[in-house]
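Take a moment to look over the sequence and turn the structure around. Then read on, one region at a time.

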Amino acid sequence: MGVLHEDAVVISEAEKPGESTVITVNCPDKTGLGCDLCRIILLFGLSISRGDLQTDGKWCYVVLWVVGKPNTRWSLLKKRLLEVCPSYFSTSEISYYRPQNQEPKQPDVFLLKFWCSYDREGLLHDVTEVLCELELIIKRVKVSTAPDGRVMDLFFITDTRELLHMKNRQEETIHYLKDVLGDALISCEIEPAGAEVTACSQGSSFLPSAITEDMFSLELPDQRRNGFLTPNPVTVTVDNTLSPSHTLIQIFCEDHKGLMYDMMRTLKDYNIQICYGRFFASTKRNCEVDLFIMQADGKKIIDPNKQNALCSRLRMELLHPLRVAVVSRGPDTELLVANPVELSGRGRPLVFYDITLALQTLSGDWEAHDS
């Protein structure tokens, strides 16, 4: 289906502001490749306005139209996209170089600690933005503000580049943090997070069961809390009549950030292969999606129970990509945001960045504790 060449990923940058940049991926196929590609594009803060993909089961061809930021690092994006593309050898008989059924190595976790002499509006978001630009993934955050206004922040992070164990990478990170924190910064340290510290960072947030049940329920809400019915902007239908070998999934919904990633993540978790797909978002933020899919065994989805389960899951993930709750804690108000995690253990990109940006935009009096 494809021809092997060095440029498995080709990026044609937009010629004019407001136009789309076209990303073409031509490589061997794997289940979940679309999810991995969309996740990286979302991680770089790009929006997918249109997409076409097709595969013969061994080779795939993907074209994505994306709208980026003026400072998008396209060369780095291409490198990250290439890293998730299977190699040519995965479709050939030369497979003994690659260990079979080997679990991916978990990235090392590091503890970033810094102290500031005073707090200010937007401080946490500015730090988060620096870490995102440096491709440092935030696993957990602990923020403390003393009565005298001094701030101590603990960030549990991993490094996409896997270089944070090196002195020059740590110095680069601290240098960028000093630039954004200015004279407020008292000290800044980066050290490996020991097994005991890492285990503690995975602890529960001890949320009340009523809140967790409401946030993580897989049932679609039919009513608002005031009793009025809510319109469902997501429609998912199944059709097995248009193709002798594939099931057609049609989705109509409103656009939101990471929409294509949410679809691809759900299908990846169900181990479903997309043989042909088309995605289009109009200027009115309405999206139309056609996906010809099949199960891991290469067959259509005939079982009505499986069809209903998949459609319900897609509707839920597209209607509520994030679960949000506001809880009163005495004199304070607590904002709880939960996001889905892939079966591989990777969470939705830039959630903490988006939360801090929203709070900064609202200019409210808020204080983060841990996430």
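Helices and strands here are DSSP runs, numbered from the N terminus. D255, for example, lies in the loop between strand 10 (247–254) and helix 7. Keep in mind that the whole model is predicted.

Stay with D255 for a moment. Which residues does D255 touch, apart from those up to four places away in sequence? They are A281, R285 and C287. D255 can also be compared with S49. The two are 206 residues apart along the chain. Yet their C-alpha atoms are separated by 9.2 Å.

T266 is one of the residues in helix 7. Is T266 buried or exposed? Its relative accessible area is 2%. Buried means under 20%, so T266 is buried. Set aside its neighbours within four places in sequence, and T266 is in contact with R313, L314 and E317.

Now go to helix 1, which spans 33–43. Of its 11 residues, 9 are buried, so helix 1 is largely enclosed by the rest of the structure. The buried ones are L33, C35, D36, L37, C38, R39, I40, I41 and L42. An α-helix has 3.6 residues a turn, so residues three or four places apart point the same way. What do the buried residues of helix 1 pack against? Their partners are strand 2 (21–28), strand 3, strand 4, helix 2 (74–84) and helix 7. After helix 1 comes G45, which has a positive phi near 75°.

How many cavities of 30 Å³ or more does a search of the whole structure find? The search finds 2. Five elements each supply at least two lining residues: helix 1, strand 3 (47–55), strand 4 (59–67), helix 7 (259–269) and strand 11 (273–281). By class, the lining has 10 nonpolar, 6 polar and 3 charged residues.

The second largest cavity has a volume of about 30 Å³. Its lining includes G51, D52 and L53. M260, M263 and M264 are also among the lining residues. So are G277, R278 and F279, along with V289 and L291. Strand 3, helix 7, strand 11 and strand 12 (286–294) each give two or more of these residues. The classes here are 7 nonpolar, 2 polar and 2 charged.

Strands of a sheet pair through backbone hydrogen bonds, either parallel or antiparallel. This sheet has 4 strands in the order 6-7-5-8, and the pairing is antiparallel. Strand 6 (136–145) and strand 8 (185–192) stand at the edges. Each has a single partner strand, so one side of each is left without a neighbour in the sheet. From one strand to the next, the twist averages 15°.

Strand 5 (residues 110–116) and strand 7 (residues 151–159) run antiparallel and are joined by 7 bridges. Where does K113 find its bridge partner? The partner is L154, in strand 7. Helix 4 (residues 167–181) packs on this sheet and touches strand 5, strand 6, strand 7 and strand 8. The direction of helix 4 makes about 155° with that of strand 8.

The last stops are two residues with positive phi. E162 is in the loop between strand 7 and helix 4. Its phi is about 55°, although E162 is not a glycine. The relative accessible area of E162 is 55%. The cut-off for exposed is over 50%, so E162 is exposed.

L350 sits in another loop, between strand 14 (332–338) and helix 9 (351–362). L350 is not a glycine either, and its phi is positive at about 65°. Is L350 buried or exposed? L350 is buried, with a relative accessible area of 13%.

Terms used. Residues numbered from 1 in each chain as written. Predicted model: local features only at pLDDT ≥ 70, side-chain atom pairs only at ≥ 80, totals over all residues. Heavy atoms only, no water. 1 Å grid on protein atoms, 1.4 Å probe; cavity = no way out; pocket = protein on both sides within 12 Å on 5 of 7 lines; lining within 4 Å. Points joined across faces, edges and corners; volume = space filled by probe spheres on them. Nonpolar A, V, L, I, M, F, W, Y, C, P; charged D, E, K, R; others polar. Buried < 20%, exposed > 50% of the residue type's maximum accessible area, 1.4 Å probe, protein only. Contact = heavy atoms within 4.5 Å. Pairing = 2+ DSSP bridges. Axes fitted to C-alpha atoms, helices over the stretch in contact; angles between N-to-C directions.
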